[in-house]
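What follows is a report for someone who is meeting this structure for the first time. Please look over the sequence and the model before reading on.

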Amino acid sequence: MQQGDQGAVAALYDRYGGVAYGLAVRVTRDATLAEDVVQESFVSVWRQCGRFDPARGNVRSWLLTIVHHKAVDAVRRRTSRAERALPEGPDDPVATYGRPDQAAELTLDAEAVRAAVARVPDDQRRTIEMAYFDGLTHVEIAARMGVPVGTVKSRLRIGLQKMREELRTKVLE
Amino acid sequence: MTCDEVEELLGAYALDALPPDEEAAVRAHLASCQRHAHELASLRDVASRLAETTAAPPPPSLRARVLAAVASDASAAGAASPAGASPVEFEAARTRVASRRRLDPFAWSPRAWAGIAAALLIAVVALAAWNAILLRGGASEADRLAARVTWVASLQAHGVDARGAVAYVGDEHKAIVFVDGLRPLGPSQTYQLWSMDGGTPESIGLMNTDTSGKGTMVVPFDATRAHTLAVTVERAGGSPQPTSSPILVASCIAGCG
């Protein structure tokens, strides 16, 4: 993608707009804020495209990393103004991974990810979700789970490594 | 921070779960540690897979909004001249805007950077107007076309304190033109829109603005033939050829030809 190549941005949006928007909504729990996050993220991608290094990851991962970072930023800015409400509803897999009526929108990829995530030990999986989807820091997670910060750090790292193994298995299947 | 300490924090870093001080420390380490930079890329890829499970269809208007934001950013990068600059001739305006767009973004002069802040503000206002159009709903042709926009370019102002954008719908050879901040004209004058590409300008429509200075219009525009859209002030009923300098110009619509 080159400076001024809006066609590439449009193509990137058409490919990943749904994943980007869904992630922003999930993290911010605010459709309007999520739209701002997605917009800022694509502008950021467009500005930084000259610095993108394919050796350090794929475009999809790069874009979603930016979206996640901006979404978490937005949530923390909001939290610093007013105490954020606790995540609504029980922490069950259906609530976390989309309602059944959304299933048609999801790709086979989503099924594979869901299956891989399901094989990650429960406490590691929950810790990862609190970080990724709720935008909490390791300190906040430790307080909510009632475990030492060191435990949270380990769960995040080992949980992601476990998920990586499971995803690789899925890809090979 | 030692390599072992970073190792322990890498998962939290990949998930954006570190407070600012620790995040900065890990980032500093990553700049000089190939092994951890590589591991981070891998963990981030894994983390980003989680987003697949929450994919949701965005509102249709978001696509045009994103493209408009990128277009505004693109023109902001090139727009160094302050609003109120003296009017310029068609070809000069076209060439100047086109050549600015070819500038290396990392080689902007300090003066260009100074212009960016002002231009970004204009872009934000233009986007607000754009969003208003998209959100207004209804069944106008502009609303119908808005979801199918393939390219958005900002209108650069010359000698007027106005702003606007052109949203191009490639498969219908049409463009939605919206302007903000153009004073409404009296009965003896009109704003006239032109498509051109170096050669003879071709009239594509007449428009006026409302009392708040806003106007929206769908015009025929074929980007396989022309890449520049300009607005002039003409006598009521329009002119066969422009008789004044353009006050708004959008260049490189759907590419620079």
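Strand β4 (residues 189-196) of chain B pairs with β5(B) in the antiparallel sense over five bridges, where two strands are said to pair if DSSP finds at least two bridges between them. Within this pairing, Tyr191(B) stands opposite Met207(B) in β5(B). Helices (H or I, at least four residues) and strands (E, at least two) are DSSP runs, numbered from the N terminus.

This is a predicted model, in which local features need pLDDT of at least 70 and side-chain atom pairs count only at pLDDT 80 or more, while totals for chains, interfaces and linings use all residues. Residues are numbered from 1 along each chain as its sequence is written, and chains are lettered from A and ligands numbered from 1 in the order in which they are written.

The pair belongs to an open sheet of eight strands in chain B, with antiparallel pairing and the order β5-β4-β7-β8-β1-β2-β3-β6. Because β5 (202-207) and β6 (215-220) of chain B stand at the edges with a single partner strand each, one side of each is left without a neighbour in the sheet. From one strand to the next, the twist averages 25°, with axes taken as lines fitted to C-alpha atoms, for helices over the stretch in contact, and angles running from 0 to 180 degrees between N-to-C directions.

Chain A, by comparison, comes to eight helices and zero strands. Of its 173 residues, 42% are buried, a residue being buried if 20 or more other C-beta atoms lie within 10 Å of its own, with C-beta atoms placed from the backbone.

Confidence in chain A is given as pLDDT, the predictor's confidence in each residue, from 0 to 100. The chain averages 80, and 73% of the residues score at least 70; the table gives the helices with the lowest and highest confidence in chain A.

| Helix of chain A | Residues | Mean pLDDT |
|---|---|---|
| α4(A), lowest | residues 93-96 | 34 |
| α6(A), highest | residues 122-132 | 97 |

Over residues 86-108 of chain A, pLDDT stays under 50, and the model has 19 contacts beyond four places in sequence for this stretch; two residues are in contact if their C-beta atoms, placed from the backbone, lie within 7 Å.

Where the chains meet, the contact takes 55 residues from chain A and 44 residues from chain B. The largest share of the side of chain A that touches chain B, 12 residues, comes from α1(A).

Conventions:
Buried ≥ 20, exposed ≤ 12 C-beta atoms within 10 Å, placed from the backbone.
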